[in-house]
Amino acid sequence: MHPPLPALIDPFARPITYLRVSVTDRCDFRCVYCMAEHMQFLPKADLLTLEELDRLCTAFIGLGVRKLRITGGEPLVRRGIMGFFRNVARHLGQGLDELTLTTNGSQLARHAAELAEIGVRRVNVSLDTLDPDKFAAITRWGRLPQVLDGVRAATAAGLRVKINAVALKGVNDAELFDLVRWCGDEGHDLTFIEVMPMGEMGEENRLDQYWPLSDLRAQLAERFTLIDLAERTGGPARYVKLAETGQKIGFITPLTHNFCESCNRVRVTCTGELFMCLGQEDNADLRAPLRASPDDAALEQTIRAAIARKPKGHDFDYSRQKVDGQMTRHMSHTGG
Ligand code: SAM
Ligand code: SF4
């Protein structure tokens, strides 16, 4: 059943068909590029309830969203989250093509089978290193074996796993080929992400960690034949195939502008702020219309008005040896 309402189209004629929803700002890890060790989390009352999140997702699907990605913080640490997944999954095949999540994998061993049973087909698992000590250092509170168990459980449940690795100079640059080989052996796609200037970290210096993917790609090309794939997701990812192994490798380079023109996505935070662009501060409060009335008319009106001012692109820029376009909010808030 296709939604009867006109789809959301932004001022640059981009149809908005992909929604990423952060369901919590909390996490059981403290990745150095994402959170300070002693994060101040939001008061519970500020967070959308699971019922409100369901209403919100349902409204977006009614407005033409076909792909939903649940993220956080760590989505699987939110209490009752599996009930939320089960509810939202009712839209699969009824307007929604895909329900998926991005997770640190710590709780996957417990939930993978149920996620698969509900209708989730793919998960993105964030994993920057296969070295247990480095893993503990990057995530501060995470332990590698737990995540590897989660990845194995997901695969065993029939979920396709994509590994997302943030490219970090001096941290996982020496492991590039180990990560590629492991993903090849295990049958996981692999995507590298450039570290982004999100949130004030204090002790961390983003320019020190910044490992440009152009450099990573050049290193790969020394050992493999890279075949550019035409595949576009509407997001900042570009893909290549390694001719020698057949593996797909993605590069997420949010600091370049080459993807904005095909941007098909918006993000909602766990407090109901709708961000039309990951790299811009403009947002719309969806919590107020959600709480003001059980009727969705005002909510839909607010969504449409916000999409009507979706900006053309973002302003991140490392090129002048300082972090321009720095965002004050954390990735765990907007949902990476
Ligand atoms: N907790 C889940 C996870 O780690 O997959 C979901 C939320 S996390 C914020 C989503 C993604 O954002 C992760 O892949 C993480 O590595 C990435 N991320 C966080 N902070 C980042 C930053 N400053 N630059 C680039 N990627 C970042
Ligand atoms: Fe948690 Fe994901 Fe942020 Fe790491 S990247 S601290 S796992 S939200």
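This is a predicted model: local features need pLDDT of at least 70, side-chain atom pairs count only at pLDDT 80 or more; totals for chains, interfaces and linings use all residues.
Trainee: Okay. How far is a polar side-chain atom of Glu-74 from a nitrogen atom of ligand 1?

Mentor: 3.2 Å. That falls within the cut-off of 3.5 Å, so the pair is a polar contact.

Trainee: Which atom of ligand 1 does the side chain of Ser-126 approach?

Mentor: An oxygen atom, with a polar side-chain atom of Ser-126 lying 2.5 Å away. Tyr-33 uses its backbone: an N or O atom there is 3.1 Å from a nitrogen atom of the ligand.

Trainee: How much of ligand 1 does the protein bury?

Mentor: 95% of the 540 Å² that the ligand exposes when taken alone.

Trainee: Which elements give two or more residues to that shell?

Mentor: Strand E3 (98-103) and strand E6 (189-194).

Trainee: And how many residues surround the ligand?

Mentor: 17, with Tyr-33, Gly-73, Thr-102, Ser-126 and Met-196 the closest. By type, the shell has seven nonpolar, eight polar and two charged residues.

Trainee: Switching to helix H3. Which residues are buried there?

Mentor: Leu-108, His-111, Ala-112, Leu-115, Ala-116 and Ile-118.

Trainee: Why are they on the same side of H3?

Mentor: Because they cover an arc of only 150° around the axis.

Trainee: What do the buried residues pack against?

Mentor: Helix H2 (81-88), E3, strand E4 (122-126) and helix H5 (144-156).

Trainee: And which exposed residues sit on the face turned away?

Mentor: Arg-110, Ala-113 and Glu-117.

Notes. Residues are numbered from 1 along each chain as its sequence is written. Chains are lettered from A and ligands numbered from 1 in the order in which they are written. Side-chain values use heavy atoms; hydrogens and water are left out. A residue is near a molecule or strand if one of its heavy atoms lies within 4 Å of it. A polar contact is a pair of N or O atoms within 3.5 Å; within protein, one must be able to donate a hydrogen and the other to accept it, and residues adjacent in sequence count only if both atoms are side-chain atoms. Accessible areas come from the Shrake-Rupley method with a 1.4 Å probe; for residues, only the protein chains shown count as cover. Helices (H or I, at least four residues) and strands (E, at least two) are DSSP runs, numbered from the N terminus. Ala, Val, Leu, Ile, Met, Phe, Trp, Tyr, Cys and Pro count as nonpolar, Asp, Glu, Lys and Arg as charged, and the others, Gly among them, as polar. Buried means under 20% relative accessible area, exposed over 50%, partly exposed in between (1.4 Å probe, protein chains only). The arc is that of the directions from the helix axis to the C-beta atoms. Contact means heavy atoms within 4.5 Å.
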